[in-house]
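Colleague: I would like to go through the labels on this model. For each one, tell me what it rests on.

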Amino acid sequence: MPRSARDSLDTRLFAQAGAPPVRWRISDSAVAYPDALAEMDALSTAISEGRAPETVWLLEHPALYTAGTSARREDLVDPERLPVFQTGRGGQFTYHGPGQRIAYVMLDLKRRQPDLRRYVAALEEWLIRTLWSFHVRGERREDRVGVWVKRPDKPGEAEDKIAAIGIRVRRWVTLHGVALNVDPDLSHYDGIVPCGVRQHGVTSLMDLGLTADMADVDIALRREFEAVFGPTTD
């Protein structure tokens, strides 16, 4: 695997020895974006107050765009194409929809490691490990958050984004998380400049020729989450 400066960060610091396991939750049907935000906000408050366990929530959304705190109006290329939601996460415009596995990660960094740079590196490591389960070589980029794959099948030194990361932290409890493209409708990315990056494209496991279903991806996500962040429970 290629190395970068962020690889030198000890992501295993996020795995607390003797800490309670993280609750692992999967929604089988699509969750409306406003409903997910409301539930995530309530749960993060409960976690910060010690009334709920740390949680990873896997889900899919109906097709929509979200605008992060750095979103630029000119990057919304087709504002009539899909609903657009403002969100408190960092980053710019991104797409969510069926065939994309969203993982909302709510961890208490006070108890783990109150270091946002290290936390983002840990999320990247989690995604890279998950992709490698399907023999896909995901890579970090120092100038771009997320996980990227090289595309030797395309002209030039092409590379595409396969997983996005967008986080928010409130009282040192994390909100939002990651989005991994399994088999979404990639044409919907044409309505935005994804994450403000114009010179690179977007891909998915299906686009790379892999037919892994969501259940297979969820198994890999859970196994590799435990390798980086520690044990989980249903």
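Modeller: Start with what lining and strand mean here. A lining residue has an atom within 4 Å of a pocket point, and a strand is a DSSP run of at least two residues. This is a predicted model. On those terms, β9 gives the most to the lining of the largest pocket, with 5 residues.

Colleague: Which other elements supply at least two residues of that lining?

Modeller: β5 (93-96), β6 (100-106), β8 (144-150) and β10 (173-181) do so, along with β9 (159-170). The lining has 25 residues in total. Nearest the pocket centre are G90, G91, I165, G166 and C195. The volume is about 440 Å³.

Colleague: How does the lining of the largest pocket split by class?

Modeller: It has 12 nonpolar, 9 polar and 4 charged residues. Gly counts as polar in that scheme.

Colleague: Why is T66 called buried?

Modeller: Buried means under 20% relative accessible area. T66 has 0%, so T66 counts as buried. T66 is found in strand β3 (residues 64-67).

Colleague: What makes the T66 and R89 side chains a polar contact?

Modeller: The cut-off is 3.5 Å between N or O atoms. The T66 and R89 side chains make their contact at 2.8 Å. R89 is also among the residues in contact with T66 beyond four places in sequence, as are Y33, F85 and H96.

Colleague: How do you know that E60 and S29 come together in space?

Modeller: They are 31 residues apart in sequence, but their C-alpha atoms are 7.2 Å apart. Contact means heavy atoms within 4.5 Å, and S29 is one of the residues in contact with E60. Others include A30, V31, P98 and M214. E60 lies in the loop between β2 (55-59) and β3.

Colleague: What does the side chain of E60 reach at 2.7 Å?

Modeller: The backbone nitrogen of G99.

Colleague: What makes a set of residues a nonpolar core?

Modeller: The members are buried residues of the listed nonpolar kinds, joined through side-chain atoms within 4.5 Å. The largest such core has 36 residues, and V56, L123, W126, F225 and F229 have the most contacts inside it. Its largest share, 8 residues, comes from α2. α2 (116-132) and α3 (214-229) are among the elements that give two or more. A second, separate core has 16 residues, including I102, V173, L175 and A179.

Colleague: Which residues is F225 in contact with?

Modeller: Leaving aside neighbours within four places in sequence, they include V22, W24, V56, V105 and W126.

Notes
Residues are numbered from 1 along each chain as its sequence is written. This is a predicted model: local features need pLDDT of at least 70, side-chain atom pairs count only at pLDDT 80 or more; totals for chains, interfaces and linings use all residues. Side-chain values use heavy atoms; hydrogens and water are left out. Helices (H or I, at least four residues) and strands (E, at least two) are DSSP runs, numbered from the N terminus. Buried means under 20% relative accessible area, exposed over 50%, partly exposed in between (1.4 Å probe, protein chains only). A polar contact is a pair of N or O atoms within 3.5 Å; within protein, one must be able to donate a hydrogen and the other to accept it, and residues adjacent in sequence count only if both atoms are side-chain atoms. On a 1 Å grid over the protein atoms alone, a cavity is a set of points where a 1.4 Å probe fits but cannot get out, and a pocket is an open set with protein on both sides within 12 Å along at least five of seven lines; lining residues have an atom within 4 Å of a point. Grid points are joined across faces, edges and corners, and a volume is the space filled by probe spheres set on the points.
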